[in-house]
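Biologist: I am new to this structure. Please take me through it in questions and answers.

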Amino acid sequence: MSRNVASQREKLLLRWDRESIVVRRRPRKRPCALRRLSRRRPASGASSATTLQDVAVLQYRAPALAAGSICRHYTGAREAALVLDVACGTGLVAAQMKKDGFAHFVGIDGSGSMLELARKSGLYQDVRQCILGDEDLPVQWGSFDVVLLVGALSCGQVPVAVVTELCRAAKPGGVVCMTTRSNLQNLEYKADLERELRRMEEDGRWCRVEVQEEEEWERAVSREEEGFIGGSVYLYRTAATEKLNPKL
Ligand SMILES: C[S@@+](CC[C@H](N)C(=O)[O-])C[C@H]1O[C@@H](n2cnc3c(N)ncnc32)[C@H](O)[C@@H]1O
């Protein structure tokens, strides 16, 4: 790794340590009991440029990979589709999907400062704040053609149980796209996530369309890992009738 990238990584680690606040969740069995989540408004001068810089340093590919998977398998009219972007951050996935022809987005995130940037991007018809895992998704169940949760299904962020809400938010026959990382610290979470995805498939809630495993997902940022960490994109189609989707 070049000295420049290494020092940028170091700065990122320091900045995240400084800017994140730790929200204590209800006591849980697993060590992922804490999560870092900024609920502050942006500091003066904070802008999406900072985030874009982070993305460039990390070589964060999840938004492009997720959008690619959705485009390969969403068969409806893209310009008419209603897309729910959960843990939307500043809107990187919506920006990619807009280039691919999607036009209607609702964004949800727990961080007020991220939502402010998402709102300013002009990509979203509506943005809503919600701490996933503590609060229900603030949406009408069964109303979205595409539901996505990219870059936040991991240890210390969004609890696995939230995937049932993603499924409920989608229309019957809609698609749900999720991603997770495959780095060492996230392996237990990833196994739990895949168990839940399988369980929901066995219950007839949805069926698996595609799973894409990538070795070069993004640059490692923990002090224990070097180079790139891996990640996965999961694409599911919800059961075609409400009868098969028992929670609707
Ligand atoms: C790495 S960013 C991903 C943003 C965007 N989806 C993307 O791929 O570019 C993770 C986002 O998840 C949000 N997040 C993490 N845990 C959350 C939770 N429990 N509830 C709501 N938002 C959460 C953070 O605020 C942040 O905006």
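Modeller: Two residues are in contact if their C-beta atoms, placed from the backbone, lie within 7 Å. Helices (H or I, at least four residues) and strands (E, at least two) are DSSP runs, numbered from the N terminus. Axes are lines fitted to C-alpha atoms, for helices over the stretch in contact, and angles run from 0 to 180 degrees between N-to-C directions. The model is predicted: local features need pLDDT of at least 70 and side-chain atom pairs count only at pLDDT 80 or more, while totals for chains, interfaces and linings use all residues. Residues are numbered from 1 along each chain as its sequence is written.

Biologist: At about what angle does helix 7 run to strand 8?

Modeller: Helix 7 covers residues 187-202. It lies across strand 7 (170-181), strand 8 and strand 9 (228-238). Its angle to strand 8 is about 165 degrees.

Biologist: Is Tyr189 buried or exposed?

Modeller: Tyr189 is in helix 7. A residue is buried if 20 or more other C-beta atoms lie within 10 Å of its own, exposed if 12 or fewer, and partly exposed in between, with C-beta atoms placed from the backbone. Because Tyr189 has 21 other C-beta atoms within 10 Å, it is buried.

Biologist: Which are the edge strands of the open sheet?

Modeller: Two strands pair if DSSP finds at least two bridges between them. The open sheet has seven strands in the order 5-4-3-6-7-9-8, with mixed pairing. Those that pair on one side only are strand 5 (126-129) and strand 8 (206-219).
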